[in-house]
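Have a look at the picture first, then read on.

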Amino acid sequence: MVDLLALSAGVFLTLVVVVFHFARGTERVIPDDIADDVLEHRAATVRETEFPEPMNRSIGGGAAAGAIAGGADAEGELEGGEEVEEEPSPADIPEDEVEYFEIEYTKEGTTVEVANNETLLEAGEDEGWDLPYACREGQCVSCGGRVADGDSREYVVHDNQQMLEEPELEDGYVLTCVAYPKADFTLETRETP
């Protein structure tokens with residue numbers, strides 16, 4: 001028949017569960033949002049770096065830490081309060097002022113007419129070539145190339161490149177993703193220092 005002990009134990013446990021279910025517990029206190037405090041503390045403790053990581057705008061990766069730690073209007077100013085005057089980008093040259101230069105891409109075996117408001121990488125991609133690149137911001141050397149005619153500064157304008165040093169520029173190295181032509185020259189793609 002029915003085991004009276006088992007039935008009473010089952011009813012008792014069911015009642016205990018129902019009581020706990022409907023019993024009021026302590027109220028959960030939701031803390032204030034501390035994200036801004038954490039960011040400010042982190043910005044104050046992370047040192048500023050000379051070399052930002054490609055595509056990284058996090059604190060410690062460059063300007064964000066200075067903007068948070070420095071407070072208001074940190075963009076465009078040095079620590080001493082001096083204004084930094086940004087040079088205009090060759091990409092911003094109006095169409096009526098565009099000049100064209102003959103660039104010989106030796107490894108691709110052809111000469112291309114490239115506008116002075118177009119990068120060497122973009123010109124190659126317009127031709128359908130699969131040229132190497134990674135960041136497209138001049139912060140790595142994946143898109144590297146070499147001007148066979150001499151010092152690259154005589155033939156291209158680098159728009160905010162951060163990787164090539166003086167000796168490398170003298171040897172003709174360029175970052176094709178941020179290099180705009182300013183004269184005719186011969187370019188060897190896929191060349192890195």
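Which residues in the largest nonpolar core touch the most other members? In this predicted model, they are Ile103, Tyr105, Leu120, Val156, Val174, Phe185 and Leu187, out of 25 residues in that core. The elements giving two or more residues to this core are S1, S2, H4, S5 (173-175) and S7.

Let's zoom in on Phe185. Leaving aside neighbours within four places in sequence, Phe185 is in contact with Glu102, Ile103, Glu104, Leu120, Val147, Asp149, Tyr155 and Val156.

Now for strand S1, which covers residues 100-105.

| Partner of S1 | Residues | Direction | Bridges |
|---|---|---|---|
| S2 | 110-115 | antiparallel | 6 bridges |
| S7 | 185-189 | parallel | 3 bridges |

S1 and S2 make a hairpin, with 4 residues between them. In that turn, Gly109 has a positive phi of about 75°. Towards S7, Glu104 stands opposite Thr186.

Just along the chain there's a curious residue. Where is Glu118? It lies in the loop between S2 and helix H4 (120-126). Glu118 is buried, yet it has no salt bridge. The nearest side chain of opposite charge belongs to Arg136, and that one is 9.6 Å away. A salt bridge here needs the atoms within 4 Å. So what does Glu118 contact, beyond its neighbours within four places in sequence? Its contacts are Ala123, Asp126, Ala179, Tyr180 and Pro181.

One last thing: how far can you trust all this? The protein averages a pLDDT of 81, and 79% of the residues score at least 70. Residues 56-75 are another story, with pLDDT staying under 50. The model does have 29 contacts beyond four places in sequence for that stretch. Still, where pLDDT is low, the predicted coordinates should not be read in detail.

Technical notes. Residues numbered from 1 in each chain as written. Predicted model: local features only at pLDDT ≥ 70, side-chain atom pairs only at ≥ 80, totals over all residues. Heavy atoms only, no water. pLDDT = per-residue confidence, 0-100. Contact = heavy atoms within 4.5 Å. Buried < 20%, exposed > 50% of the residue type's maximum accessible area, 1.4 Å probe, protein only. Pairing = 2+ DSSP bridges. Lys, Arg positive; Asp, Glu negative; His and termini not counted. Core = buried A, V, L, I, M, F, W, Y, C linked by side-chain atoms within 4.5 Å.
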